[in-house]
Amino acid sequence: MATTSQPESDATRASSTYAGARAVLATMHGKQAAIAPVMHDTLGLQVETAEAINTDALGTFTGEIPRPGSIRETAIAKARLGMTRTGLPIGLASEGSYGPHPSIPFVCGGLELMVLVDDTRGIVITEHLVVDAPVYAHAPVSNQVQLATFFEQTGFPQHAVIVKPNRTDRATLPVFKGLRSASAVADAVIRCAACSIDQLAFVQTDMRAHMNPTRMASIARLAARLCARIATACPHCAAPGYGQTDIETGLPCAWCGCPSDLVRHEIFGCVACDHREHRPRPDGLEFADPGRCSRCNP
Ligand SMILES: [Zn+2]
Ligand SMILES: [Zn+2]
């Protein structure tokens with residue numbers, strides 16, 4: 001997935017589009033702290049939260065409830081929950097996905113995605129952030145030494161943990177979430193190990209935003225990027241939300257001219273019309289090192 005940020009200089013600014021407008025943010029986990037100030041300061045958009053909205057119905061990090069679709073579909077569904085609840089035509093939501101790094105073995109990575117759904121214009125503006133150094137970990141534990149190691153690696157207790165049985169054949173199992181005291185975790189480990197087939201407890205970082213300050217900081221960075229994209233108007237129809245939507249690989253090899261696996265173009269597009277643009281690489285590179293060519297370096 002493409003990862004460049006929104007250049008501000010080469011596109012028409014449309015930062016007044018949402019000045020004075022109201023948007024509802026669907027969150028149960030305090031994300032307004034990371035999102036509302038930047039939306040207000042850069043766009044003039046007033047972000048409100050919806051009361052008694054259960055975003056967990058659309059999937060949880062701990063997996064008790066699986067997500068119904070792609071990360072983007074889930075974020076849009078979440079935003080629409082808030083819009084339905086409040087009657088506001090503009091909604092915001094964010095969604096994260098954490099797991100093994102897509103390209104580095106044994107390293108964890110994350111993807112954060114945020115959407116603005118605007119039914120007054122019939123558009124959805126999406127931005128994402130690749131998180132290279134998340135606080136995300138999980139491990140089976142059976143003793144205090146293993147637990148202490150886990151705490152050291154995960155910034156406990158600022159970052160809370162979840163404890164559940166490592167292996168169980170029961171349909172309902174105890175899950176202890178949002179734990180921030182060492183004694184509460186130790187107690188949960190004993191109780192979960194006792195009802196696990198292998199006598200082990202499974203400890204993991206609690207990835208809910210209000211339980212993981214590193215994740216909350218990533219959401220704040222993403223909110224700033226989404227604002228920059230929202231403030232960029234389509235050069236053709238002036239709709240907000242113009243920006244990079246894709247990449248095209250195939251930068252020609254410097255020796256043989258064949259397409260390599262390096263990025264050749266960044267593709268920019270509009271969320272409202274069909275306008276598309278192929279832009280050259282921002283670093284100006286026009287030919288690939290032959291080491292990246294499957295013909296010259298098979
Ligand atoms: Zn070549
Ligand atoms: Zn357009």
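Analyst: Let's start with R22, which at 45% relative accessibility counts as partly exposed. Here buried means under 20% relative accessible area, exposed means over 50%, and partly exposed is what lies in between (1.4 Å probe, protein chains only). This is a predicted model, where local features need pLDDT of at least 70 and side-chain atom pairs count only at pLDDT 80 or more, while totals for chains, interfaces and linings use all residues. Residues are numbered from 1 along each chain as its sequence is written, chains are lettered from A and ligands numbered from 1 in the order in which they are written, and side-chain values use heavy atoms, with hydrogens and water left out.

Back to R22: its side chain meets that of E48 in a salt bridge, 2.6 Å from N to O. R22 sits in strand β1 (residues 22-25) and E48 in strand β2 (residues 46-49), so this pair ties together parts that are 26 residues apart in sequence. E48, at 27% relative accessibility, is partly exposed. By salt bridge I mean a side-chain nitrogen of Lys or Arg within 4 Å of a carboxyl oxygen of Asp or Glu. Helices (H or I, at least four residues) and strands (E, at least two) are DSSP runs, numbered from the N terminus.

Next up are D119 and R80, whose side chains form a salt bridge at 2.9 Å, N to O. D119 is in the loop between β4 (108-118) and β5 (123-131), whereas R80 belongs to helix α2 (residues 71-86), so parts that are 39 residues apart in sequence get tied together. Both ends are partly exposed: D119 has a relative accessible area of 41%, and R80 has 35%.

Then there's D283 with R281, a salt bridge at 2.8 Å, N to O. Here D283 is exposed, at 51% relative accessibility, but R281 is buried, at 18%. Elsewhere, E127, R225 and R229 are joined into one network by salt bridges that share partners.

Now for the wider picture. The structure holds eleven salt bridges. The chain carries 26 positive and 28 negative side chains, with the centres of the two sets 4 Å apart; Lys and Arg count as positive and Asp and Glu as negative, leaving out His and the chain ends. Each charge is placed at NZ of Lys, CZ of Arg, CG of Asp or CD of Glu. The fold around them has five helices and twelve strands, and buried residues make up 47% of the chain's 298 residues.
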